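Reader: I have a model open and want to go through the chain contacts, then a few local spots. Can we start with the contacts?

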Amino acid sequence: MSFLLTAKNLKATYIRENLRVKALRGVNLNLHKGECVGVVGESGCGKSTFALSLMGLIDSSEAEVSGRVDVNPAGDKKLNLLELTEKEKNKIRGRYISLIMQDPYNTLNPVMRIGRQLREAYALHNRKKDASETISRLLEEVGLGSDTLKAFPHQLSGGMLQRVCLVCALVNNPAVLIADEPTSNLDVTIQRKVINNLLRIKEKYELAMVFITHNINLVAGFADRIFILYAGKVVEEAPASEIFKDPKHPYTAALMRALPDLSEPKRKIVPIPGSVPDPVDVTEGCSFYPRCRFAREECFRNEILLKEVAGGHYVRCL
Amino acid sequence: MSLGNKDLLFEGRGIRKKYVREGFLGSRQSTTDALRGIDIKMRRGDLLGVVGESGSGKSTLAKIICGLEDLSSGELTWNVKPSGKSHPAQMVFQNPFNSLNPKLKVGYTLREALAYGGFKRMASVRKEEVVALLDKVGMNKVNPDAYPHQFSGGQRQRIAIARALALNPAVLVCDEPVSALDISIQAQILNLLKEINKKNRLAIMFIAHDIEAVGMISKDVIVMKEGSIVERGDVVKIIKSPEEEYTKKLIEAVPVNPYL
Amino acid sequence: MIKKILSDKMALCGGCVLIILFAAAVFGPLLVPYSPMEQNLSLRLAPPSSQHLMGTDELGRDVFSRIIVGSRVSMTVGFVAVGISLIIGVPLGLIAGLYGGIIDRIIMRIVDIMLCFPSIFLILMVITFLEPNIMNVMIVIGITSWPGLARYVRGETLAVREREFVQAAKLMGLSRMRILFIHLLPNVIAPVLITATLGIGTAVLTESILSFLGLGVQPPDPSWGNILTAGREYMGQRAWWLIFFPSFAILITVFSFNLFGEGLRDVLDPRMKQKK
């Protein structure tokens, strides 16, 4: 089993005006070749921080990041991305591991034509003159024409732009793709198109993918394993086929009851009472405690560890 | 046009809206047909869903019904006695971060709405009235002296709904109210809207690009494509057996969990 | 908010110096060693000494005292002139932005025309027809600087006008005046205050120039500008203190206002962007 990317005890705490915002509190993740991991969580659970830390994009002036993000770009030895210099990180980012984010309008330079931006991305790791072939091939695979190259970002729709971002992320043939809520800003129909393109490319290039979202139903269709993130910690981790049949953590179960279901439009959905805890106030004990139906006093007292309850199925609960 | 039916709130016939954009240096102009002849009406207690992709004209229709934009041609007639200066249709917007004035305390915003909706001066709005209003949206324990940025997106939407309710509207027009929220929070808002509709027989127009959300809350639905209505009817029936290709496309786009 | 200002180094430095300047302007004239008008003809053009910290001018008056009293002039002009431009410019900008249409066009046409004139010469032209005194200087500076502010406010108003809470206010049936002052103004004012703070520095500078040219505060009343006038005349006699100290005072004042304004921008702008 070769790991392409391993996060060990990843923690990130932002310091703002003397407040410690504990966004990530020890997350572990192993990613294998060709695998797709879905990371599901609500706003405020640390999803975006997770994506940024996996890429080593969080500056030490903004936050304290600890733990390891092991990558294996040359196939021979492990490197901790968090310990590398910016220059070394830049060699790996884009080439070995790539990121696509939520808002394409903010990701691309509004005053530069698409073609130029894509060529620039390519030139970071390769020789510029070979760019056109790769770029046109990728554009075709996402269903965009070559006239896209001459356009400016504002001339394209959100869905088209996100597909451009996809090309940008893949132009250097990375092994790992991190997608942080790539379709959350798009209409459902466009979301479907972008996801289909993404999956097709994943299959073709044997990409390993970490797909972060707030919609568990979205990743259910294509993730191999699903991680449920709550208040900066993983509360449940299981193969997709298992987690829906038998959700072990009360939060996972509550999440599933709170989501709509098109086959039964009038089914009563039960929202989760209360709200997500403020990352400043998190305690050692279970963070879901105030909203949990099964809460007992011992849940609150001490730190609960992630335990394996069945093959590959881990839960952080008593 | 007979508006004899007491429960009829408004009726629109042949509503068209054109946007004209001045070309470069004022010469050539480009025209966009945002709405191409819409017939629509709502009665007391209706829960109408409007679904379509971006650019289908749903938001334009919402703005016209609320009087924020004028129609280019056609008619829109209201059968409601004017309640002071506030419009009989109130809107809940998509972006929870911009729906409330960030410089005003939430309590102030609500008092302003209560004052203008109740024909009184702001000074005579009692604290209990604000609490009662917040209670209608399930936020009666909230501190009204807080500023909008201290609340989450879902909470802000509820405050926006409360503000709209304070004006005693005949119709509540919700333009993609949950699209910017996490899917787990959407449930809360949708349930709230359903409850408000049931309790007060308040007509609600629910606009979204996601037919799943529309299916959860509406009784009837109209499907819009490029400025026209392509299908309309009972929502459950349409989802189960859609007639138009476009409607089928909207349904197929919804992420379905294969394990459930 | 105050805490944030304190945490920004630029705003802190600028602010500290400004507080000292304020204190000098308000209390200084009561504490000066000599009356700024007191002449001592036996000690004309004396270089700085322990008796006269900044030397004396051509009539034996203590330069230090005159500088301190002059600070009151500069501060007053700075604030009042900018105050006038705010009172005229902000409402006009708001009205142009909110009402649009022909009102917008008329106001902006006036703004455009006025902005075509280089301000300093416009000021010079106007003030030659008026009696040179501090009141007229303040009014003229205020009247020539409102157009820039109005245009800026109009731009910000156009942006805020489209935000949903303003649309909600319209649906509520609020009067346009109310929308203007309760909903638009507070959301537009932050960048305007920054521009205004920077404008105070410019106003101080303009007053100094006018007084230097003899078109502003007239002697024997002290102004940093008119001390410089004497300095220029007596340059041949190496009276460097008559040039150095007023220039330094002007420099420090304008610099501090600019520093404070920039620091204020750092505090307000990223916070506005950060708001989620």
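**Chain contacts and chain C**

Author: Chain C puts 17 residues into its contact with chain B, and chain B puts in 27; contact means heavy atoms within 4.5 Å. This is a predicted model, in which local features need pLDDT of at least 70 and side-chain atom pairs count only at pLDDT 80 or more, while totals for chains, interfaces and linings use all residues. Residues are numbered from 1 along each chain as its sequence is written, chains are lettered from A and ligands numbered from 1 in the order in which they are written, and side-chain values use heavy atoms, with hydrogens and water left out.

Reader: How much area is buried between chain C and chain B?

Author: About 2000 Å², with carbon and sulfur atoms giving 60% of that. Buried area is the accessible area (1.4 Å probe) that two parts lose on being put together, summed over both. On the chain C side, C:Glu164, C:Leu171 and C:Met172 lose the most area to chain B, together 36% of what that side buries.

Reader: How many salt bridges between chain C and chain B?

Author: One. C:Arg178 and B:Glu112 form it through their side chains, at 2.8 Å from N to O. The rule asks for a side-chain nitrogen of Lys or Arg within 4 Å of a carboxyl oxygen of Asp or Glu.

Reader: Which elements of chain C give two or more residues to that side?

Author: α7 (164-172) and α8 (176-212). The largest share comes from α7(C), with seven residues. Helices (H or I, at least four residues) and strands (E, at least two) are DSSP runs, numbered from the N terminus.

Reader: And chain A with chain B, what area is buried there?

Author: About 3000 Å², of which carbon and sulfur atoms give 59%. The contact takes 31 residues from chain A and 34 from chain B. In chain A, A:Val188, A:Leu262 and A:Lys266 lose the most area to chain B, together 22% of what that side buries.

Reader: How many salt bridges there?

Author: Zero between chain A and chain B. There are ten residue pairs in polar contact, both residues at pLDDT 80 or more. A polar contact is a pair of N or O atoms within 3.5 Å; within protein, one must be able to donate a hydrogen and the other to accept it, and residues adjacent in sequence count only if both atoms are side-chain atoms.

Reader: Back to chain C. How many helices and strands?

Author: Ten helices and zero strands. Chain C has 276 residues, and 47% of them count as buried. Buried means under 20% relative accessible area, exposed over 50%, and partly exposed in between (1.4 Å probe, protein chains only).

Reader: Which residues of α5 in chain C are buried?

Author: C:Leu122, C:Ile123 and C:Ile127, in a helix that covers residues 119-128. Seen down the axis of α5(C), the buried residues fall within an arc of 120°, so they line one face of the helix. The arc is that of the directions from the helix axis to the C-beta atoms. Their cover includes α6 (134-161) and α8 of chain C. The face turned away from the buried side carries the exposed C:Phe121 and C:Thr128.

Reader: Last one, C:Thr56. Where is it?

Author: C:Thr56 is in the loop between α2 (9-31) and α3 (63-99) of chain C.

Reader: Is C:Thr56 buried or exposed?

Author: Buried, at 0% relative accessibility. Its side chain reaches the backbone nitrogen of C:Leu45 at 3.1 Å, and a polar atom of the C:Thr56 side chain lies 2.7 Å from the backbone nitrogen of C:Ala46.
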